[in-house]
There are 2 protein chains.
Amino acid sequence: MAEPLPNLIEEIVADNGNDDLQSVAESLLPAEHVEIATLLESLPVEERLSLWEALPDDRKIDVLVEMRSDPREVLISATEDDQWSKILTGIDAEDLLELMDSLPAKLMELAFQALDDQQQGYFRDATQFPDEQIGHWISHDVLAMPLNAKVRDGLRRIRRNVPQHCDTIFLINRSGQFSAAVKLTKVFGAPEHLPLVELTEEFIPVIKGSDDSTTASLQVQRSGFAALPVVDDTNKLLGRVDILSASELVNENYERQVMATAGMDEDEDLFAPVAKSARSRALWLGINLLTAFLASWFIGLFEATLQQVVALAVLMPVVASMGGIAGSQTLTLIVRGLALGQVTGANLKALMTKELKVGGVNGVIWALVIGIVAFFWFSDPLLGLVICLAIFMNILAAALAGVLLPVVLDKLKIDPALSGSVILTTVTDIVGFVAFLGLGSLFLL
Amino acid sequence: MAEPLPNLIEEIVADNGNDDLQSVAESLLPAEHVEIATLLESLPVEERLSLWEALPDDRKIDVLVEMRSDPREVLISATEDDQWSKILTGIDAEDLLELMDSLPAKLMELAFQALDDQQQGYFRDATQFPDEQIGHWISHDVLAMPLNAKVRDGLRRIRRNVPQHCDTIFLINRSGQFSAAVKLTKVFGAPEHLPLVELTEEFIPVIKGSDDSTTASLQVQRSGFAALPVVDDTNKLLGRVDILSASELVNENYERQVMATAGMDEDEDLFAPVAKSARSRALWLGINLLTAFLASWFIGLFEATLQQVVALAVLMPVVASMGGIAGSQTLTLIVRGLALGQVTGANLKALMTKELKVGGVNGVIWALVIGIVAFFWFSDPLLGLVICLAIFMNILAAALAGVLLPVVLDKLKIDPALSGSVILTTVTDIVGFVAFLGLGSLFLL
């Protein structure tokens with residue numbers, strides 16, 4: 001990009017109203033699609049639309065493909081109907097797969113018709129796999145040759161065109177099944193009459209179209225190859241996944257995880273329309289409200305106690321906070337372990353034992369610290385004892401819930417990164433309040 | 001890997017004590033280093049050490065390199081002194097750069113001596129850059145040729161050896177400055193006497209050694225090249241960053257972000273020794289305890305009010321929870337925007353306006369809902385009004401803090417992913433409690 005992103009954002013925001021984003025659009029000509037996409041996402045809606053209109057039509061699809069869904073849909077719905085035939089020129093099956101969830105039915109039909117027969121076929125093949133499976137995301141731009149091809153044939157094929165991030169020729173048999181891979185660098189320099197099979201790699205991982213897309217992508221990243229072959233259940237070669245697509249899928253999965261901790265999805269737009277953004281966040285607030293009311297209800301059981309020992313009310317946030325933090329540490333560690341395939345039935349007991357011990361140690365330490373502070377603050381040794389016991393119990397409960405919750409959610413096919421923390425804090429809030437106020441009723445009345 | 005990870009973990013955990021992890025180690029021979037590393041990380045300490053000892057010495061360094069620091073250090077400290085000379089055979093500068101933070105001084109010296117002169121030079125060069133800079137992570141395995149080289153020379157060089165993930169020859173001038181890049185696929189098939197400069201790529205991004213390592217890695221991922229050249233301030237070619245290293249750095253950065261939300265670092269070991277794990281988590285618990293006591297102190301200011309209106313104590317968690325959740329949503333969105341370079345001074349005001357509007361809408365909705373519930377629960381219209389106002393104020397404050405906090409932290413070079421949420425919830429707790437109890441004192445006494 002000619003200028004760094006922040007300068008461009010500033011220039012456009014300052015300039016808008018002066019109508020000539022044309023010059024900015026021209027300065028963006030050498031930029032990569034993804035850079036323009038990032039810039040568009042960074043702009044408030046009015047400026048975003050102005051820059052979008054100033055972009056040349058033949059780049060618009062490539063830029064849309066690189067954008068997150070929410071900001072992308074703002075541009076799509078603002079584009080006039082009669083523009084689309086120009087914009088859709090040159091769209092291919094992979095582009096359409098990226099965009100399909102963002103396009104209204106009418107445009108989807110138009111875009112599909114803009115594909116040639118081969119691309120329409122590719123599109124149909126890909127949509128047979130749901131988007132959590134790698135088959136949805138494969139590229140068909142492969143160097144595939146018959147098993148009996150010679151180096152001479154390979155060279156001829158390579159000279160015609162080598163796709164990006166492609167370092168091997170795939171050899172397939174007569175039924176189209178994947179058989180072996182030959183590195184391009186080995187083909188050059190080999191005698192022309194040599195059969196390619198003599199040059200095959202000893203080992204190349206082969207991916208199934210139905211494999212989980214993140215797992216398969218990580219496999220591509222670390223394989224050492226620029227791309228891996230993808231086959232169907234009968235070993236027929238479907239296409240390939242290159243390291244760039246793999247990295248994009250992995251990055252997207254991480255981003256999903258980060259956003260999920262706040263109950264949002266990775267497509268959330270910085271400058272979403274207020275109504276849309278408020279709606280998408282309201283659900284999460286509502287769920288959390290229910291859990292907060294639940295915690296309040298448990299507190300309400302101890303109204304009489306609270307009335308007599310108001311110090312309990314003052315210290316409630318300490319009990320809740322320590323349980324929540326301790327639990328979220330265990331939870332985060334286990335969620336990562338599950339994502340990496342490192343947490344299984346076989347080591348779950350050992351993990352639980354370790355986390356309970358860690359919870360025990362921190363439980364004792366912080367229970368004593370907090371007990372002593374409470375004792376001095378309110379000059380009440382029994383209050384110190386009560387909060388000491390409650391903190392210890394809550395930190396242990398947090399460790400237990402932090403291990404078990406994500407494992408159970410994972411078994412139920414519920415994303416523990418999204419729902420784990422809200423359920424966990426509900427557990428620690430309730431255990432904490434009930435232990436604290438219950439012990440308070442016993443000892444302090 | 002011969003068997004999937006969970007099966008291997010089960011087999012080893014079940015088998016241990018029967019001493020023969022030798023057979024498991026043999027079944028792992030065809031597995032990739034990173035797969036063995038992941039398996040070792042998944043095992044409780046005793047089993048981890050048994051498998052480690054059963055691994056062939058010549059794979060140990062490569063496996064260590066792929067492991068996270070904490071589990072890696074368990075293995076390093078359990079390995080006898082006399083084993084190291086065998087293990088360190090074949091270590092190179094890149095391996096040592098990965099391991100340097102995990103090796104005690106004595107082993108570090110031994111490992112450095114195991115490098116040949118060239119590798120020692122590479123190691124010294126890399127350590128001139130701190131590990132947040134991409135210069136620390138470059139590979140020196142480049143195809144570099146003088147500017148006047150011909151296709152013939154290029155072919156000779158390529159036939160000798162092409163490193164993994166390398167798709168270009170870098171052309172350098174007499175002072176070693178990077179000048180241009182030629183795609184390998186263009187070299188093959190070109191006339192032998194043609195100067196390579198005639199085949200150069202029109203545009204290839206060039207990275208500075210002092211560039212931020214995550215930013216530079218993202219640039220490599222999306223460049224379309226398998227690797228990009230890295231230069232110093234005088235444009236001298238230092239080496240290259242390939243798409244595999246780039247992906248590893250990007251993944252590590254995401255993992256850091258995910259773990260930071262719970263105050264942990266990405267090197268945390270599933271089976272860390274209890275004392276170590278308890279210690280590393282205690283700090284975060286302690287910081288949160290201080291903020292919880294601060295919130296308690298503010299509540300304590302209203303003891304008299306709480307004593308008279310105990311319903312306020314019962315509803316406190318609702319006020320705190322709604323502020324915390326609303327704030328963390330804004331915070332998460334802004335932290336991502338900062339990481340992508342999308343949030344800058346130029347669009348900050350627009351962002352703030354939008355977030356305040358979203359907060360306003362959700363504030364009004366949830367304030368009314370909660371006010372009505374509180375009214376019916378405690379049959380007290382004034383209490384309903386008090387919590388209604390407090391919720392609205394707290395959600396607005398949350399939106400404001402959610403935008404400003406990460407921006408300020410980022411300016412102060414403090415990681416907002418780590419410290420943002422703890423400061424934010426402190427703000428929303430205090431604003432929420434003071435508003436709620438303060439209004440309660442005004443209206444309900």
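## Terms and basis of the model

A residue is buried when its relative accessible area is under 20%, exposed when that area is over 50%, and partly exposed in between (1.4 Å probe, protein chains only). By this rule Phe298(B) is partly exposed, with a relative accessible area of 21%.

The model is predicted: local features need pLDDT of at least 70, side-chain atom pairs count only at pLDDT 80 or more, and totals for chains, interfaces and linings use all residues. Residues are numbered from 1 along each chain as its sequence is written, chains are lettered from A in the order in which they are written, and side-chain values use heavy atoms, with hydrogens and water left out.

## Extent of the interface

Chain A and chain B each bring 106 residues to the contact (heavy atoms within 4.5 Å). The buried area, meaning the accessible area (1.4 Å probe) that two parts lose on being put together, summed over both, is about 9,500 Å² for this pair of chains, and carbon and sulfur atoms give 69% of that area. Leu270(B), Leu285(B) and Gln329(B) supply 8% of the area that chain B buries against chain A, more than any other three residues.

Four salt bridges are counted between chain B and chain A, each being a side-chain nitrogen of Lys or Arg within 4 Å of a carboxyl oxygen of Asp or Glu. A salt bridge joins the side chains of Arg336(B) and Glu255(A), at 2.5 Å from N to O.

## Aromatic pairs

Over all chains the structure holds 14 aromatic pairs. Rings of Phe, Tyr and Trp (its six-membered ring) pair if their centres lie within 6.5 Å; planes under 30 degrees apart count as stacked, over 60 as edge-to-face and the rest as tilted. The pair of Trp297(B) and Phe298(B) is edge-to-face because the planes stand at 85°, with ring centres 5.3 Å apart. Trp297(B) is partly exposed at 46% relative accessibility.

Trp377(B) and Phe378(B) are stacked, at 4.9 Å centre to centre and 20° between the planes. Trp377(B) is partly exposed at 31%, whereas Phe378(B) is buried at 18%.
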